[in-house]
Amino acid sequence: MFKSLVVGGAIAIVGITLPTTAYGQFNAGSISPTIETETVANPEVSPIELQQFVQVIKQFQRIERYMQMQMAKAIKKEGLTPEKFMEINESQRQLRSQSVNSSEDLEKFRKVVVEFQDIMDEAEERRQSTVENQGLELDRFLEIEKIVAGNKQLQSKVEQMLGN
């Protein structure tokens, strides 16, 4: 459990944001944990659309778990621990001198960050195909997301359907 928290923290620290809620997955065609409140063209969500939306969210959660496992493997593959990865990242963010970390560790860190980007790109593609495979257009999915975000009753229903 602690290791997954550390890996999740390492991922977030590097600037790779992972959704922590079921909502807010897409923003301008790419996935990110933000929701903008704006007027929605069709404020009604049919029961079928709601079910499709929930199925997409369930798949998103699986994709996120898989992505985190792949990121943990990337860290381990380069011979770093999650803690060491976070330590290097922190030193990079604070612009400490290079002497704090060995050039070998810095190179490992850079390789992991590149691998993280590949993993995130793959996850993005999977999320977008998940929406389409559930029979929703991306624009409609985004509308439903905004409708749910602004409606406590629908949020409760979605959470119930998700089993939360």
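Me: Buried means under 20% relative accessible area, exposed over 50%, and partly exposed lies in between (1.4 Å probe, protein chains only). Is Glu122 buried, exposed or partly exposed?
Reply: Glu122 is partly exposed, because its relative accessibility is 36%. This is a predicted model: local features need pLDDT of at least 70, side-chain atom pairs count only at pLDDT 80 or more, and totals for chains, interfaces and linings use all residues. Residues are numbered from 1 along each chain as its sequence is written, and side-chain values use heavy atoms, leaving out hydrogens and water.

Me: What does the side chain of Glu122 meet in a salt bridge?
Reply: Arg126, at 2.9 Å, N to O. A salt bridge puts a side-chain nitrogen of Lys or Arg within 4 Å of a carboxyl oxygen of Asp or Glu.

Me: Why are Glu122 and Arg126 separated by about one helical turn?
Reply: Because they sit four residues apart in helix H4. Helices are DSSP runs (H or I, at least four residues), strands are too (E, at least two), and both are numbered from the N terminus. An α-helix has 3.6 residues a turn, so residues three or four places apart point the same way.

Me: Which residue does Glu104 form a salt bridge with?
Reply: Lys108, with the closest N and O atoms 3.3 Å apart. Glu104 is exposed at 52%, but Lys108 is buried at 19%.

Me: New topic. Where is confidence lowest, and where highest?
Reply: Strand E1 (residues 26-27) is lowest, with a mean of 42, and H2 is highest, at 96. That confidence is pLDDT, the predictor's score for each residue, from 0 to 100. The protein averages 79.
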